[in-house]
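Here is a short report on one protein model. Look at the structure first, then read on.

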Amino acid sequence: MPTGANSKRKYTYVWVSTIILVFGVFAVYEITKRLKEGTIIENDRLGGVVNMAPLSYVVSNGQRRKVPDFMFLNQDSIQVSNKDYLGKVYVVDFFFTTCPTICPTMTSNLVELQNTFSDKEGLGFASFTINPRYDTPSILKKYATRYQVSNKNWHLMTGDREAIYELAHDGFYIFANETDEAPGGFEHSGMFALVDKEGYIRSRTDKYGNPIIYYRGTITEEQGANDDGEAQQITILKEDIQKLLAE
C-alpha cells in the first residue's frame with residue numbers, strides 16, 4: 001500500500017482515538033458530578049426512575065427530630081407504642097373515620113402504598129384518630145376492613161385525646177383541631193410523615209436543599225395535581241420509602 005495511504009489511515013486512527021478519549025473523560029466527569037449531587041437515577045421495580053439522593057433528617061433546634069414516645073390502642077384493642085415500630089420504616093397520618101373531606105383520599109393513598117410494598121415486611125403505618133371519643137377500636141376495625149387494610153404493621157390508633165393532639169402538634173408539628181366550623185367537626189393537615197427504622201423523621205430535599213418534611217396525602221397519583229396546581233407526592237413517597245427500606 002502506498003505510503004500516503006498509510007499516513008492517512010494512521011491520521012484517521014489518531015483522530016478517532018482522540019474523540020473517544022475526549023468523550024470518555026467528559027462522561028466520567030458527568031457521572032462523578034451527578035454522584036456528588038445525588039442525581040443519578042435508575043430503573044426500579046416500581047417501573048419508573050428513582051432519584052437516588054439520600055434522604056435528609058428533619059432538624060429542630062439543632063437536633064434530629066425523633067418520634068416521641070407514645071402508646072395507644074389499635075383496631076384490635078392491642079396496645080401499640082413507638083417501640084413496636086423500631087426496625088421498621090413507617091408512614092404517619094392523623095385522620096378520623098367520619099371525615100367527609102380529605103381522609104378517604106388519604107387512606108386510599110396509604111392503601112396504595114401498602115399494596116405497592118406488599119412483599120416488604122419492614123414497612124408499617126401509624127394512623128392516629130383525632131376523634132378518639134367516637135373512634136373506638138371497634139370503629140377503627142370496621143374502617144380498616146372497609147379500606148382493606150392488610151399490612152400487619154398498620155395500626156389505626158385511639159386513646160387519650162390530649163395525648164394524641166400533643167403527639168400531632170409537638171411530636172410531628174402536624175395541625176389538628178376540633179371545631180364546629182369544619183366539615184365533620186374537625187380540621188387537620190392532609191400530610192404524611194415518613195419515619196426511618198430508628199424512629200427519625202426523614203424526607204427528601206427541595207431544589208434549594210431544604211427538607212420538604214412532609215408528603216401530600218390528599219392527591220392521588222391518578223389525579224396528578226389538585227385544583228391549586230399542587231402536584232401529587234405519592235410517587236416520590238414510594239421512592240423514598242424504598243430508599244429507607246434499603247438502609
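## A buried strand

Seven of the seven residues of strand S9 (residues 123-129) are buried, so the strand is largely enclosed by the rest of the structure. Buried means under 20% relative accessible area, exposed means over 50%, and partly exposed lies in between (1.4 Å probe, protein chains only). Helices (H or I, at least four residues) and strands (E, at least two) are DSSP runs, numbered from the N terminus.

This is a predicted model: local features need pLDDT of at least 70, side-chain atom pairs count only at pLDDT 80 or more, and totals for chains, interfaces and linings use all residues. Residues are numbered from 1 along each chain as its sequence is written, and side-chain values use heavy atoms, with hydrogens and water left out.

Which residues of S9 point each way? Leu123, Phe125, Ser127 and Thr129 point one way. Gly124, Ala126 and Phe128 point the other way. All are buried.

## Neighbours of S9

Two strands pair if DSSP finds at least two bridges between them. Strand S8 (residues 89-95) runs parallel to S9, joined by seven bridges. Here Asp93 stands opposite Ser127. From S8 the chain crosses through helix H2 (residues 103-116) to S9, and this β-α-β crossover is right-handed. That word means that, with the strands pointing away from the viewer, the path from the first strand over the helix to the second runs clockwise.

S9 also runs parallel to strand S10 (residues 154-157), with four bridges. Ala126 stands opposite His155 in S10.

## One face of H3

In H3, the buried residues are Pro137, Ile139, Leu140, Tyr143 and Ala144. They fall within an arc of 155° seen down the helix axis, so they line one face of H3. The arc is that of the directions from the helix axis to the C-beta atoms. The face turned away carries exposed Lys142, Thr145 and Arg146. Cover for the buried residues includes strand S6 (71-73), S8, H2 and S10.

## The nonpolar core

A nonpolar core is a set of buried Ala, Val, Leu, Ile, Met, Phe, Trp, Tyr and Cys residues joined through side-chain atoms within 4.5 Å. The largest one has 53 residues. Among those that touch the most other members are Val92, Phe94 and Phe128. S8 gives the most to this core, with six residues.

Phe94 is in contact (heavy atoms within 4.5 Å) with residues including Met106, Phe128 and Phe172, leaving aside neighbours within four places in sequence.
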